Amino acid sequence: MGFKEGFLWGGAVAANQFEGAFDVDGKGLSVADVAMYKPNVDVKDYKNQVKVTSENIAKAIADKTATYYPKRRGIDGYHRYKEDIALYAEMGFKTLRFSIAWSRIYPNGDEKTPNQAGIKYYQDFVKELKKYNIEPLVTLSHYEMPLHLSLKCNGWADRSMIDEFLKFCKTCFESLPDVKYWLTFNEIDSVTRHPFTSAGIIPDRSQNLEQDEYQALHYQFVASALATKMCHEMIPGSQVGCMLTKLTTYPATCKPEDVLAALNKNMMNYLPTDVQVKGYYPRLVLEFFKKNNLNIEMTEQDLEALQKYPVDFISFSYYMSLLAAADESGLEMTSGNTIVGGKNPYLKATDWGWTVDPMGLRISLIELYDRYQKPLFIVENGMGAQDTLNPDGTIHDQYRIDYFKEHIAEMKKAVEAGVDLMGYTSWGCIDLVSASTSQMSKRYGFIYVDEDDEGNGTLDRYRKDSFYWYKDVIASNGEKL
Ligand code: BG6
């Protein structure tokens, strides 16, 4: 009973939120480098975020300061990664999920040859992990495509992106042959929720945004399938996973209309995994395209690639659950991961309004395993909270321990029910810049980083109470919670 031997416990980060050093050693600008932090915004006011427009992007390019663009400075992981990896090793990590900044390897995306300094950085990074027997789990694209490609062809709305991505993948596979586990696109489904961050689509450049979003998603599916083929050929024994934002949605009531509304939301959430695991588009989705006049260009070769090169495993992020109703006007709405939805009155929520639903994780695991019967990997889970650094260097984050404890307990029940789970990497094992709000004050880590929303601070790292707690969890293979 319990977690299998060799269960991959660890944590997850992404280059654009961790590395900083946005213009060091030849790196080009990525879409993340123009994501603005707007001070004094109520974090729950999700409608008041900075809009992605051509004008705002041009302003950002002209603004050389990192003050309002926190992802440019990250937590300076680029220079401090050795210290950070030593801390992960101290916690006993078996794996670390991190991503490769595409614009460090191909600064503009369309160069013919890669930037050697960028390659060397990731080779050194992997070497450092291996020193401590930490298995790398690498995301190829995590919200950080080269900005130039977004400006050049409106990102993934254009088919040429497939070749650019495959060129980048080839360089990564060639340079990091010791990496066994790869993920293609982080939260691939989010293209339809934040098209710029996820696919480089600038909304005001699109004639039909919805059409461009689903087209981009299709091109990413094809690119992911071809990257899976390439990875298997270049790195024998490697395993490639897809990555889904698991947005578990319950009906607001047992009224059949509400049940149907929730069913439709869940069905659309499963669209990417259906394609990437089963190898074809579900009929219900093709009908949805037709009804909404979405003419997605799909060639015979595309469909063949999807069918021939499915993923080896399914990875996903899970943070919260939502409610759906046929008539949402009566629902209290709240924000969640890359989405806004109905708030469940039975659940508590974080300061950012994301509901806390540990049993929802068990439900998600069972649903996913029942639907696909492929190994699963939880590659993001956690709680964004404000922490206090005490004068003696301690951080008492019992709320975070409680969150993890409850989620891991449910995860264990799913495993004991028969779910094949490969591992668990908590999100932001070290505090880093928030993807949605670009804040530092929304902290997820076991390790505290002394930096505020404006970039002030020593950047020193401190162990939180949860650091010691997670260490025990790993040492006992999830028995001691
Ligand atoms: C996921 C992303 O959406 O959730 C991460 O893959 C992100 O990049 C995480 O950081 C938590 O979201 P946020 O907005 O709180 O940072």
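**Exercise 1. Ligand contacts**

Solution. A polar contact is a pair of N or O atoms within 3.5 Å. Next, take S434, with a side-chain N or O atom 3.2 Å from a ligand oxygen. Then take Y319, where that distance is 3.4 Å. Last, count the surroundings: 16 residues surround the ligand, each with a heavy atom within 4 Å of it. The closest are E187, A435, S436, K442 and Y444.

The model is predicted: local features need pLDDT of at least 70, side-chain atom pairs count only at pLDDT 80 or more, and totals for chains, interfaces and linings use all residues. Residues are numbered from 1 along each chain as its sequence is written, and side-chain values use heavy atoms, without hydrogens and water.

**Exercise 2. α7 and α9**

Describe how helix α7 packs with helix α9.

Solution. Take α7 as residues 160-175 and α9 as residues 209-234. Their angle is about 25°, and their axes are 10 Å apart. α7 is therefore roughly parallel to α9 (angles under 35 degrees count as such). The crossing is right-handed. Now list the contact (heavy atoms within 4.5 Å). Among the α7 residues are I162, F165 and L166; among their α9 partners are Y219, V222 and A223. By class, the contact has 13 nonpolar, no polar and two charged residues.

**Exercise 3. α15 and α16**

Describe how helix α15 packs with helix α16.

Solution. α15 spans residues 398-416, and α16 spans residues 465-475. They pack at about 25°, axes 9 Å apart. The two helices are therefore roughly parallel. R400, I401, F404, K405 and I408 of α15 meet D465, S466, W469, Y470 and V473 of α16. The classes are six nonpolar, one polar and three charged.

Conventions:
Axes fitted to C-alpha atoms, helices over the stretch in contact; angles between N-to-C directions. Helix = DSSP H or I, 4+ residues; strand = E, 2+ residues; numbered from the N terminus. Parallel < 35°, antiparallel > 145°, perpendicular 65-115°, else oblique. Left-handed = near helix turned anticlockwise from the far one by under 90°. Nonpolar A, V, L, I, M, F, W, Y, C, P; charged D, E, K, R; others polar. Polar contact = N/O pair within 3.5 Å; in protein donor to acceptor, adjacent residues only side chain to side chain.
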